[in-house]
Every structure is written in C-alpha cells, then in structure tokens.
Amino acid sequence: MHFIAISINHRTADVALREQVAFRDDAVRIAHEDLYETKSILENVILSTCNRTEVYAIVDQIHTGRYYIQRFLARSFGFEVDDIKAMSEVKVGDEAVNHLLRVTSGLDSIVLGETQILGQMRDAFFLAQETGTTGTIFNHLFKQAITFAKKAHNETDIADNAVSVSYAAVELAKKVFGKLKSKQAIIIGAGEMSELSLLNLLGSGISDITVVNRTVDNAKRLADKHQVKYDSLDALPSLLANADIVISSTSSNGYILTNSMVETIADTRKQDSLVLIDIAVPRDIEPDISAIPNVFNYDVDDLKGLVDANLRERQLAAATIADQIPHEIELHNDWVNMLGVVPVIRALREKAMNIQVETMESIDRKLPNLSERERKIISKHTKSIINQMLKDPIKQAKELSSDKKGNEKLELFQNIFDIEAEDPREQAMQQKESKVKEISARRIFSFE
C-alpha cells in the first residue's frame, strides 16, 4: 500500500485555474464516494479550498493510483488528464506525509502560518470519515497531522503576528485601544482590501461598522453582505464624530479624509483617540493629520514595516515547526510498519491460547474430580507459562517492524511458529469492497 498526495495550489496554478478545479460544498461528498469507488484507491480524503484542491489517497500501486486520481480530477472539472498533470504536483510516501503535515500546520499557505487551513483539513477528514472513504491508515495519519498542527500553533508564535496589510491594520488599532469590541469603525471604500479589513474588524469583535463609498450602491452591497451599516461618502464628516477607527482603501487621486475635516470634530471628541489607517496608494488621508491631539495616523509604509517584522517572526516559528516534521514522519512510519507485525503477534497469541484451552480440556478429562479452585490455579499457571514463553518472540517480532528485511524475516517467523497472519493489504481490499457496497446501497436509497 502506498500514500499519494496530488495537489493543485498557488504554486502550481494561477487563481483562474484554481477557480476551475474547486469542488462546491455540495459536491465534495459525492466526489469522495466517486473517487473511492475507483480502481486502485483504498482510502481517500479530498481537500478543496479557495487556494488549493488536493487529493490524499492510499493506493495499491503508485502508477495506477496516480493515473486514476488524475483522471478523476480531469473528469470532475472537464479537463484532459495532461492538463491536470501540468497544474499539479505529486508527492509519494514520506514526501506525501511531509506535504500533509506542512499544509495542515500552515507552512504551505499563501499567508504563512494561517490557521484557517487546519479547520479546513479537519473538516475534510471528518467528511471523508463520515462518508466511509477512510480506513486504518488515514484514520491514524490525519489525526496525527491535526494534533501536530494544533501543538505547533500553541507552542510557537506562528499565527500571532499579522502578515497581511488588512490584518496588520486591525492589529495596529488593538495596540492603541486594547480590546476593540465596543469600538465604532468606518470603512472607506468597497473594494477587496476594504472587505478584508471589514472581515478582520468583525473577527476582532467589532459590530458597529459603517461602510462609506462614493458609489453608494457599492457600499450597500458590501455592507449587506456582512450585515453592517453603510452610507454615502458625503456623510463621512458627521460619522467621524463618533468613530474610533477609520480604515481607508480607495482609488481616489486626492485626499478623502483631510486635516480640516478632523479638526472640525476634534473638540466634540474630548480625549477619545481616533485611529486612522490609510492602506491606499496614492494615500486617502492627509499626512499632517497626525499632528492633531489623540489622532493616530498610519499609512501603508507603517503597515509594511509591521508586516515585514512579523513575517520574520513567522518564518522563525515555521522553521521550528519544519524541524519537528521528520520526527512525525518517523513516528508514522513506525506505526505503519507495526501494521504488518500486529496480525502476526495476534496469530501467535491465538495459537498459544488455543493450545492452553486444549490442554485444560485434556486435564479436565483426565482429572475430572478437580475442584473449581484447583482448576483456576492450573489455568492461571498454564497461561503464565505461555505468556513467559511468548515474551521474547513477541519482542523480536516487534523489532522486525524497523528492519530493512523485516518482511522476509516476518515470513520466516511465521514459518517457524507455523502460523498464518492476515495480510493488511487483503484486509484493506476487503474493507473497501464492504464500504463500496454500503455507499452504493446508500445512493440507491437516497435516489428512491
């Protein structure tokens, strides 16, 4: 059995292509089932976000497994297989495990260290598990990856420092006010950067937000989308009287917020601070405005300095996390290798315990007058003899899991003790056949 990860991401395809290969929310469950029913696929998890579409699969053969996954993606989105090959990267074995751990912990994201991907990966795994497309290996591996990512985020500062301009803007406001929940904010502009700033403000607990824009319809559209207020740009002077935070991002060639505009309302604000954050180029806010008492004015260069410093901090944290990944891969490999040993140990124990049962039955026939106490003592001691005899062979069998010739030696081990253990690959195939029948029955029932 082999682990394959096929990824279409921000490094392999531009946004126009990524948009064409993203599964809709209502299509992901069916996609899991369709792929699972494909030849060569033993387990699968599909991750589909705005920045990446990835297929993780346990396959019986690498070449056929890779082809069938690429064919599945091509058919799903109306591409040729060669197109999918050109826009994706393929990882196998340890490289695939490494990729999964990096993606889940945010090391492979456009924004280094972002935490949203952890929740997306967890949801993708839970959906696959619920659908029935995971088995022994993925149930263990994805839990390991999710646990590792959580630990990495908790033990490092990788997610604590803003590395996007819109997020850094909100972080600057926090430095002035501390908690933002009770503050009032104004967003000037209705474009992409304005929306990102709005989302970050909402994420910080602010609910009193007003979007203003020269084109009121655009302000209304953005405000309605996120259930906040809106107004025309002409209302800005009166709105400033009660505002605590203003974030501006327009394409205007002149200043939107001027020195005189703030001076007019300065006396009515008493000692309350006003944080102005200008993320527009050219600037929307008159630079000298920061000379007014209790007015803090930051432009994109101020934010860039913060972002660059924070990015360096995230890179240091990312390096720490990356250093821990080889150990996680080793732990996974040790666990996988034990999968072949466990059935052998189980078969050895079953044979030994059958011998003990047969021995007790023979004793019962030859010594029928034994009391219940005497019988329990004999049974206990015969089991003790078996456990002591099995101790060293079991230890040796476990050590074979890390031996380069472990499979050959394990086969010899079975021959010596005349035992036959179930092959994990056959077990996985039987498990798949059973689950495919369940999926088919579920679809028929749903259709009816």
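Tutor: Helix H6 (116-131), H8 and helix H9 (192-203) each contribute at least two residues to the lining of the second largest pocket. This is a predicted model, and the pocket in question holds about 840 Å³ of space. H9 is the main contributor to the lining, with five residues. In total 27 residues line the second largest pocket, and those nearest its centre are Val-111, Glu-114, Gln-116, Ser-164 and Leu-196. By class, the lining consists of twelve nonpolar, eleven polar and four charged residues.

At least two lining residues come from each of strand S1 (2-8), helix H5 (94-104), helix H13 (300-366), helix H15 (406-417) and helix H16 (424-447). H13 gives the most, with eight residues. The lining of the largest pocket divides into 15 nonpolar, eleven polar and eight charged residues.

The loop between helix H8 (165-177) and strand S5 (184-188) contains Lys-179. Lys-179 counts as exposed because its relative accessible area is 76%, over the 50% cut-off.

Leaving out residues up to four places away in sequence, Phe-3 touches Tyr-56, Ala-57, Ile-58, Lys-91, Val-92, Gly-93, Ala-96, Val-97, Leu-100, Phe-138 and Leu-141. Phe-3 also belongs to one aromatic cluster with Tyr-56, Phe-125, Phe-126, Phe-138 and Phe-142.

The whole structure has ten aromatic pairs. One of them joins Tyr-67 and Tyr-68, which are edge-to-face, at 5.5 Å centre to centre and with 65 degrees between the planes. Tyr-67 is partly exposed, since its relative accessible area is 37%, whereas Tyr-68 is buried, with a value of 16%. The pair of Phe-138 and Phe-142 is likewise described as edge-to-face, with 5.0 Å between the centres and 75 degrees between the planes. These two residues are four apart in helix H7, so about one helical turn separates them. Phe-138 is buried, with a relative accessible area of 0%, and Phe-142 is also counted as buried, at 0% relative accessibility.

Next comes H15, one of the elements that line the largest pocket. Lys-409 is located in helix H15 and is partly exposed, with a relative accessible area of 38%. Its C-alpha atom lies 8.8 Å from that of Ala-397, a residue twelve places away in sequence. Beyond its neighbours within four places in sequence, Lys-409 is in contact with Leu-400 and Asp-403.

The loop between H15 and H16 contains Asp-418. Phi of Asp-418 is near 55 degrees, a positive value in a residue other than glycine. Asp-418 is exposed, with a relative accessible area of 61%.

A further loop, between strand S9 (274-278) and strand S10 (295-298), contains Pro-282. The peptide bond from Val-281 to Pro-282 is cis, with omega near 0 degrees. Asn-294 lies in the loop between S9 and S10 as well, and its phi is positive, near 65 degrees, in a residue other than glycine. Asn-294 is partly exposed, with a relative accessible area of 27%.

Conventions:
Residues are numbered from 1 along each chain as its sequence is written. This is a predicted model: local features need pLDDT of at least 70, side-chain atom pairs count only at pLDDT 80 or more; totals for chains, interfaces and linings use all residues. Side-chain values use heavy atoms; hydrogens and water are left out. Buried means under 20% relative accessible area, exposed over 50%, partly exposed in between (1.4 Å probe, protein chains only). Ala, Val, Leu, Ile, Met, Phe, Trp, Tyr, Cys and Pro count as nonpolar, Asp, Glu, Lys and Arg as charged, and the others, Gly among them, as polar. On a 1 Å grid over the protein atoms alone, a cavity is a set of points where a 1.4 Å probe fits but cannot get out, and a pocket is an open set with protein on both sides within 12 Å along at least five of seven lines; lining residues have an atom within 4 Å of a point. Grid points are joined across faces, edges and corners, and a volume is the space filled by probe spheres set on the points. Contact means heavy atoms within 4.5 Å. Rings of Phe, Tyr and Trp (its six-membered ring) pair if their centres lie within 6.5 Å; planes under 30 degrees apart count as stacked, over 60 as edge-to-face and the rest as tilted.
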